[in-house]
Amino acid sequence: MRAVRDHDLAVAQLRRSYAAVPPDLPVRLAKRTSNLFRPRNAPLTGLDVSGLGGVLGVDPVARTADVQGMCTYERLVDATLAHGLMPLVVPQLRTITLGGAVTGLGIESTSFRNGLPHESVTEMDVLTGSGDVVTVGPQGEHADLFAAFPNSLGSLGYATRLRIELQPVRRHVALRNLRFGDLAGLSRAIAEIAATGSWAGLSVDAMDGVMFGIDEAYLVLATFVYDVPSVSDYTGQDIYYRSLRRRQHDALSIHDYLWRWDTDWFWCSAAFGAQHPVVRRLWPARWRRSDVYHRIVRLEHRHRVAGRIDRWRGQPARERVVQDVEVPLERTAEFLHWFARRVGMTPVWLCPLRLRAQSGTGSARSWPLYPMRPGQDYVNIGFWGSVPIAEGATDGDVNREIERAVSEAGGHKSLYSDAYYDRDSFDRLYGGDTWRVVRDRYDPAHRLTGLYEKAVARA
């Protein structure tokens with residue numbers, strides 16, 4: 001089979017490029033796109049993953065897909081929707097890769113039912129720090145690597161192939177936008193939907209929401225349906241998140257629903273002027289994508305144009321506050337009130353989740369490098385922007401406060417952006433003891449950059 005043969009050649013090229021890296025140099029993947037918000041301090045040598053970006057096959061009977069590690073969800077969704085199927089969880093941005101979502105975590109509106117992307121993986125091929133490619137699964141010789149791989153951020157190796165479960169999906173998505181004037185009421189609604197899978201007698205296939213203020217928040221309840229009278233289009237002049245305030249009911253094609261947040265990077269495209277009506281008409285639709293906005297941000301990180309303009313205007317320096325945190329549902333309203341008082345950024349994304357119940361057991365398993373509690377409902381809270389650095393404060397102070405508040409609430413935060421933990425706290429929160437045991441087995445020479453060094457030291 002040509003796809004398998006080409007895949008084997010691509011893996012062989014990856015292994016050659018890894019072997020060619022001098023042992024004293026750190027390594028990373030040579031990817032054209034990235035959804036990380038951690039500027040790297042050290043120069044890195046990229047590995048050749050140019051042949052690992054495809055879908056190897058979709059089995060519509062078994063409802064599985066074999067996918068290369070660098071395949072984007074955009075490409076994966078195109079392949080699965082052709083069979084009336086979709087991944088159990090499709091992260092919000094088109095160019096997130098499957099391997100990236102597993103090693104770095106991902107989430108979306110089906111997560112209250114299906115957990116996180118790594119929970120639908122049945123096996124993986126992983127290039128380890130020793131240069132070997134091993135097949136890992138939940139049982140067997142390499143079950144330790146399978147369990148520790150999620151949230152390892154490439155510190156334990158790189159997935160070259162993943163087999164994932166798929167779910168059937170219908171052509172359209174009917175949406176109900178529920179407004180809540182208090183966050184306690186919103187939390188109660190999430191608890192009911194998570195427990196019953198329905199609201200007001202209708203099934204709920206997906207659920208997320210937006211907080212515009214502590215007295216104005218919305219839950220968006222999605223139901224997969226065959227047909228609707230008409231569908232909205234938020235790839236043009238209309239902007240999706242604004243529709244929540246003016247529409248109680250809406251409908252999208254399943255394709256547009258999966259990418260509803262990508263066109264405007266949730267609401268962050270406003271920072272580039274892309275939501276201004278005149279600019280929007282001039283901005284080509286093919287460039288209204290999260291990866292384009294991210295490239296602009298990387299250029300800003302490199303050249304600091306906005307910072308120089310702020311200094312010229314006499315405005316204070318700003319601290320980047322770009323985070324996704326998971327807080328237990330029963331502490332969510334309390335955390336959001338604290339966040340509104342201390343940070344004050346809006347809108348804020350809300351995405352309920354629970355670790356997925358495993359088939360055959362009915363209970364969820366835990367994952368040592370991101371130890372959420374099985375059976376516990378959480379809410380992912382996403383906020384992305386910047387705040388002025390107060391007089392006498394230092395860059396990073398607000399993020400450190402957020403880290404403390406999340407830990408006090410019994411939550412965790414994702415590691416795709418800035419982190420400020422000391423090593424002992426980091427090891428306690430992110431399975432440091434387990435990580436070291438697995439790293440010593442599969443990367444005895446410690447060639448791959450460590451998890452703390454990646455997430456906190458920006459190596």
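## Conventions and model

Helices (H or I, at least four residues) and strands (E, at least two) are DSSP runs, numbered from the N terminus. The structure is a predicted model, in which local features need pLDDT of at least 70 and side-chain atom pairs count only at pLDDT 80 or more, whereas totals for chains, interfaces and linings use all residues. Residues are numbered from 1 along each chain as its sequence is written, and side-chain values use heavy atoms, with hydrogens and water left out.

## Overall form

The secondary structure of the protein chain comes to 16 helices and 18 strands. The radius of gyration (taken over C-alpha atoms) is 22 Å for this chain, close to the 23 Å that the globule rule (2.2 Å times the number of residues to the power 0.38) gives for 459 residues, so the chain is as compact as a globular protein of that length. Taken along the principal axes, the box filled by the C-alpha atoms is roughly 60 × 55 × 45 Å.

Of the 459 residues, 56% count as buried, where buried means under 20% relative accessible area, exposed over 50%, and partly exposed in between (1.4 Å probe, protein chains only). The accessible surface of the protein chain (Shrake-Rupley method with a 1.4 Å probe; for residues, only the protein chains shown count as cover) comes to about 19,700 Å², and 51% of this area belongs to carbon and sulfur atoms. Among contacts (heavy atoms within 4.5 Å) between residues at least 6 apart in sequence, 72% join residues at least 24 apart.

## Salt bridges

The structure holds 29 salt bridges, each defined as a side-chain nitrogen of Lys or Arg within 4 Å of a carboxyl oxygen of Asp or Glu. One of them pairs aspartate 227 with arginine 171, with 3.5 Å between the closest N and O atoms. Aspartate 227 lies in the loop between strand S13 (216-225) and helix H7 (240-243), and arginine 171 in the loop between strand S8 (158-168) and strand S9 (172-180), so this pair ties together parts that are 56 residues apart in sequence. Both partners are exposed, aspartate 227 at 56% relative accessibility and arginine 171 at 55%.

In the salt bridge between glutamate 334 and arginine 331, the N to O distance is 2.7 Å. These two residues are three apart in helix H12 (residues 329-342) and are therefore separated by about one helical turn. Glutamate 334 is partly exposed at 47% relative accessibility, and arginine 331 is likewise partly exposed, at 27%. Elsewhere, salt bridges that share partners join Glu74, Arg94, Asp262, Arg289, Asp291 and Arg295 into one network.

## Buried charges around arginine 260

Arginine 260 forms a salt bridge with aspartate 208, the closest N and O atoms being 3.0 Å apart. This pair links distant parts of the chain, with arginine 260 in the loop between helix H8 (254-258) and helix H9 (277-282) and aspartate 208 in strand S12 (residues 206-213), 52 residues apart. Arginine 260 counts as buried at 4% relative accessibility, and aspartate 208 is buried with a relative accessible area of 0%.

The side chain of arginine 260 also makes a polar contact with that of glutamate 108, at 3.1 Å; a polar contact is a pair of N or O atoms within 3.5 Å, where within protein one must be able to donate a hydrogen and the other to accept it, and residues adjacent in sequence count only if both atoms are side-chain atoms. Glutamate 108 lies in the loop between helix H3 (98-104) and helix H4 (111-114) and is buried, with 3% relative accessibility. Leaving aside residues up to four places away in sequence, glutamate 108 touches Val89, Val90, Pro91, Gln92, Arg260, Trp261, Trp349 and Cys351.

## Cysteines

The structure holds zero disulfides, a disulfide being a pair of cysteine sulfur atoms within 2.5 Å. For cysteine 351, the nearest cysteine sulfur is that of cysteine 268, 16 Å away. Cysteine 351 is buried at 0% relative accessibility, and cysteine 71 is buried at 1%.

Serine 187 has its place in helix H6 (residues 183-196) and counts as buried at 12% relative accessibility. When residues up to four places away in sequence are not counted, serine 187 touches Leu329, Thr332 and Ala333.

Arginine 341 lies in helix H12 and is exposed, with 65% relative accessibility. The C-alpha atom of arginine 341 is separated by 20 Å from that of histidine 412, which is 71 residues apart from it along the chain.
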